[in-house]
Number of protein chains: 2
Amino acid sequence: MDTPVFRAQSAPMRWQGVAVAEYKREHEAPFRDVTRQVLFDDPQLSCQLRYFEVAPGGHTTLERHEHVHAVVIARGRGRCLIGDRVYDVALHDLVHVPALTWHQFQADKKVPLGFLCMVNAVRDRPQLPSTEDLARLRANPLVAAFIAEGSTV
Amino acid sequence: MDTPVFRAQSAPMRWQGVAVAEYKREHEAPFRDVTRQVLFDDPQLSCQLRYFEVAPGGHTTLERHEHVHAVVIARGRGRCLIGDRVYDVALHDLVHVPALTWHQFQADKKVPLGFLCMVNAVRDRPQLPSTEDLARLRANPLVAAFIAEGSTV
């Protein structure tokens, strides 16, 4: 289907003709309260632009992959783990997730965290951490505390 | 240079380490009061994400090209011409500029118009309208009025 020329925002972070999808299939990977909307997925563009929204207290999957993410925070606030560092993120901050780098986004307890995410249209599937990967990540106490917050399903 | 993992918004629509550039070289093409910031331009991403801001009363160049644009309005409001239609645009509206389609963005007279724009990293150069192209565009009175607003330099 051709991408429509104009799609108005119909409610905050909702758009005409853009389906609000589940982040992932249930039980495919651990996450909590995340929606996914594909804003641009056009055969003439070599990237896609998606909007993800994590509800208060929710989190994306802790994962890594070869493809990189270019993220613009678009709503609310929260934190993210990128590699071995935790960052506080808020409106319009820019986050770049390098290749094969463990990452997770967590919303604040009281407000959602929404972000635009640009990725290559052709990309590899995410990898989940093994028990050994988790042990290595938890060696850093700040990362261990972050992962503990983001491991509820 | 590697893309930094985290860049905070340092002022409204300004970021640590992101240069505020001229939209185009002066006299290269007609435009008025537009800045360009490249947010993501990474060798591992096949698209770039840029932020353009048109000051109140300003406008981008009226142009077309083979490559398409995926636009998310990020600040303020204004209007855009896409092909033979003029659209009012405001926060978070989505605009897709198809291939070889004349387009221009104009800010409101009183507020700026800022937008994120995703494009393929490898792309053709813009074309400017010939006298004949302009005559064809002006055959539609709404388009003629829009172009008249957006032809000040």
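Predicted model: local features only at pLDDT ≥ 70, side-chain atom pairs only at ≥ 80, totals over all residues.
If you want one spot to look at, take Arg79(B): its bridge partner in β9(B) is Asp88(B).

Now follow the chain from β8(B) into β9(B). The hairpin has two residues between the strands, and there Gly83(B) takes a positive phi, near 70 degrees.

So what else does β8(B) pair with? Strand β11 of chain B, residues 103–107, is another antiparallel partner, again with five bridges. Back at Arg79(B), the residue standing opposite in β11(B) is Gln106(B). That gives Arg79(B) a partner in each strand: Asp88(B) in β9(B) and Gln106(B) in β11(B).

And is β8(B) mostly covered or mostly open? Mostly covered, as four of the five residues in this strand are buried.

Okay, let's zoom out to where the two chains meet. How many residues does each chain bring to the contact? Chain B brings 39 residues, and chain A brings 39 residues. Together they bury an area of about 3400 Å², with carbon and sulfur atoms giving 68% of that. On the chain B side, the residues that lose the most area to chain A are Val5(B), Leu94(B) and His96(B), and together they make up 21% of what that side buries.

What about polar links? There are 19 residue pairs in polar contact between chain B and chain A, counting pairs with both residues at pLDDT 80 or more. Salt bridges across this interface come to zero by the rule used here.

Which parts of chain B do the touching? Several strands give two or more residues to that side, among them β5 (32–40), β6 (47–59) and β7 (69–76) of chain B. The biggest giver is β12(B), with four residues. Sort the chain B side by residue type and you get 27 nonpolar, eight polar and four charged.

Last stop: a place where strands pair between the chains. Strand β1 of chain A, residues 6–7, and β10(B) run antiparallel and share two bridges.

Key. Residues numbered from 1 in each chain as written. Chains lettered and ligands numbered in written order. Heavy atoms only, no water. Buried < 20%, exposed > 50% of the residue type's maximum accessible area, 1.4 Å probe, protein only. Pairing = 2+ DSSP bridges. Contact = heavy atoms within 4.5 Å. Buried area = accessible area lost by both parts, 1.4 Å probe. Salt bridge = Lys/Arg side-chain N within 4 Å of Asp/Glu carboxyl O. Polar contact = N/O pair within 3.5 Å; in protein donor to acceptor, adjacent residues only side chain to side chain. Nonpolar A, V, L, I, M, F, W, Y, C, P; charged D, E, K, R; others polar.
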